Amino acid sequence: MPKLFSANRALTSASSAACCRPTDLPPKKPSRCRSKSSYRLKLLSHTVQRPAKTRARCIATLRRISLLCVLAQGGCAMTTQQPIVIAHRGASAYLPEHTLPAKAMAHAMGADFIEQDVVLTRDGMPIVLHDIHLDSTTDVAKVFPDRARADGRFYAIDFTLAEIRRLRAHERRNPNGEAVFPERFPAIAGLSAVPTLAEEIALIAGLNRSRDHQAGLYVEMKASAFHHSEGQDLPAAVMQVLKESGWDQRKDLVFLQSFEPEALRQLKYKLKTVLPLVQLIAENAWDESGSVDFDALRTDAGLDAVAEYADGIGPWLMQLYLGTDDQGKYQITDLAKRAHARGLVVHPYTFRADQLPPGISSFEELHRLFFEDLQVDGVFSDFPDRSRALSEAFANTAKPSS
């Protein structure tokens, strides 16, 4: 099962920080995780007389502990100081992204969670594809040359599942047909199909059984507002597949993520999911979602709003690390610290050994910075095997929480 990096830090902080130190002794801490829920309730009631700001800090800390405890062994195992590794689109550094072989390899490499980006077909079937378009990662232009829209793109939602099953997935290419990562798997004719979400869940569930390693799902709903404009309800379709496959209640093994706050609010308030939700944070210049001000989301007020409906944030790694100054010193932001203060876990993206941020000389240095200095709770990685090894290497070297 995944072991979460910040749980011990949070537990230590909760027992020693001023926000959780009332004037008299707190309730005795339980020896087993099965009694943590009642203990948290007692502790909250015990600190209720503290000043409002102090109570808020304490509740945020306990909320984060609650999520981390639930995610570890279904809520009944003590956690260790080890960040989770999320296989970004599978083992995408080694095999074409979002193909079943890439997901199987990620599982074999020990990923704690495996990511699924999900879009819908014309007949409403959730498929695993990073873009709402098919042309960057499949041979759709060859198989259906006359099906592009006026902008020249081939939209997944214009094709039935039967039609998409005729396509072959390949390594990601740019508009000129060149491999985006030329040193990775060759951008040759596709060897695999585009999987449905149900098929991928079945694969991961089967591997969990046969390999005795429990990998979870980390599902992103891509462009829910776009799907709504096309008459489709993406969050509802995803939840239906999770329900049919028996994963809709597995809050220890499933995260749901989106760049769109409204999609997450729909999941929480309308669809009543119990699964943890993660607000992805892009740059406004990317136009990831024209209706969302991502700069505002990173402010204190924005994080306060996120904490109302989500359990974590997924920021771009360059929103936590800005590079180095003239003396070579890391320039880091306080985004992770402020998110943690609100009880939110932090899972930045994307860690790539072949695309290091400026000022970082090695993949190991990148992980050390994020695990030790920034104290993130997990990372999205194209190289899950290397990130897994580094997660274990830095498991017990974290700095104490300030």
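Which residues is D382 in contact with, leaving aside its neighbours within four places in sequence?

**Figure 1. Surroundings of D382 in the predicted model.** Leaving aside neighbours within four places in sequence, D382 is in contact with H88, G90, A91, S92, A93, Y94, R184, T350, F351 and R352. Contact means heavy atoms within 4.5 Å. D382 is found in the loop between β11 and α15. Helices (H or I, at least four residues) and strands (E, at least two) are DSSP runs, numbered from the N terminus. With a relative accessibility of 1%, D382 counts as buried. Buried means under 20% relative accessible area, exposed over 50%, and partly exposed in between (1.4 Å probe, protein chains only). D382 and A353 are 29 residues apart in sequence, yet their C-alpha atoms are 8.0 Å apart. Numbering starts from 1 along each chain as its sequence is written, and side-chain values use heavy atoms, with hydrogens and water left out. Because the model is predicted, local features need pLDDT of at least 70 and side-chain atom pairs count only at pLDDT 80 or more, while totals for chains, interfaces and linings use all residues.

**Figure 2. The cis peptide bond at T350.** Y349 and T350 are joined by a cis peptide bond, with omega about -15 degrees. Most peptide bonds are trans. T350 sits in the loop between β10 (345-346) and α14. T350 is also one of the contacts of D382.

**Figure 3. Helix α14 and its cover.** Eight of the 11 residues of α14 are buried, so the helix is largely enclosed by the rest of the structure. The buried residues are F363, E365, L366, H367, L369, F370, F371 and E372. Their cover includes β8 (321-324), β9 (330-332), β11 (378-381) and α15. Q375 follows α14. Q375 lies in the loop between α14 and β11. Its phi is positive, about 55 degrees, although Q375 is not a glycine. Most residues other than glycine have a negative phi. Q375 counts as buried, at 9% relative accessibility.

**Figure 4. Packing of α14 against α15.** Helix α14 (residues 363-373) and helix α15 (residues 384-393) pack at about 50 degrees, with their axes 10 Å apart. Axes are lines fitted to C-alpha atoms, for helices over the stretch in contact, and angles run from 0 to 180 degrees between N-to-C directions. The two helices are therefore oblique to each other. Angles under 35 degrees count as roughly parallel, over 145 as roughly antiparallel, 65 to 115 as roughly perpendicular and the rest as oblique. The crossing of α14 and α15 is right-handed. A crossing is left-handed if the near helix is turned anticlockwise from the far one by less than a right angle, and right-handed if clockwise. F363, E364, H367 and F371 of α14 make the contact with R386, S387, L390 and S391 of α15. By class, this contact has three nonpolar, three polar and two charged residues. Ala, Val, Leu, Ile, Met, Phe, Trp, Tyr, Cys and Pro count as nonpolar, Asp, Glu, Lys and Arg as charged, and the others, Gly among them, as polar.

**Figure 5. Packing of α4 against α7.** Helix α4 (residues 100-108) packs on helix α7 (residues 197-211) at about 30 degrees, with axes 10 Å apart. α4 and α7 are therefore roughly parallel. Their crossing is right-handed. From α4, L100, K103, A104, H107 and A108 meet E200, L203, I204, L207, N208 and R211 of α7. By class, the contact of α4 with α7 has six nonpolar, two polar and three charged residues. D212 lies in the loop between α7 and β4 (216-221). D212 is not a glycine, yet its phi is positive, near 55 degrees. At 69% relative accessibility, D212 counts as exposed.

**Figure 6. H170 and G177 in the loop between α6 and α7.** H170 lies in the loop between α6 (161-164) and α7. H170 is buried, at 3% relative accessibility. Not counting residues up to four places away in sequence, H170 touches P96, S136, T137, T138, D139, I188 and G190. G177 lies in the loop between α6 and α7. G177 is partly exposed, at 45% relative accessible area. G177 and D135 are 42 residues apart in sequence and 9.7 Å apart in space, C-alpha to C-alpha.

**Figure 7. The two faces of helix α12.** In α12 (residues 300-309), the buried residues are G302, L303, V306, A307 and Y309. They cover an arc of only 170 degrees around the axis, which puts them on the same side of α12. The arc is that of the directions from the helix axis to the C-beta atoms. Exposed A301 and E308 are carried on the face turned away from the buried side.
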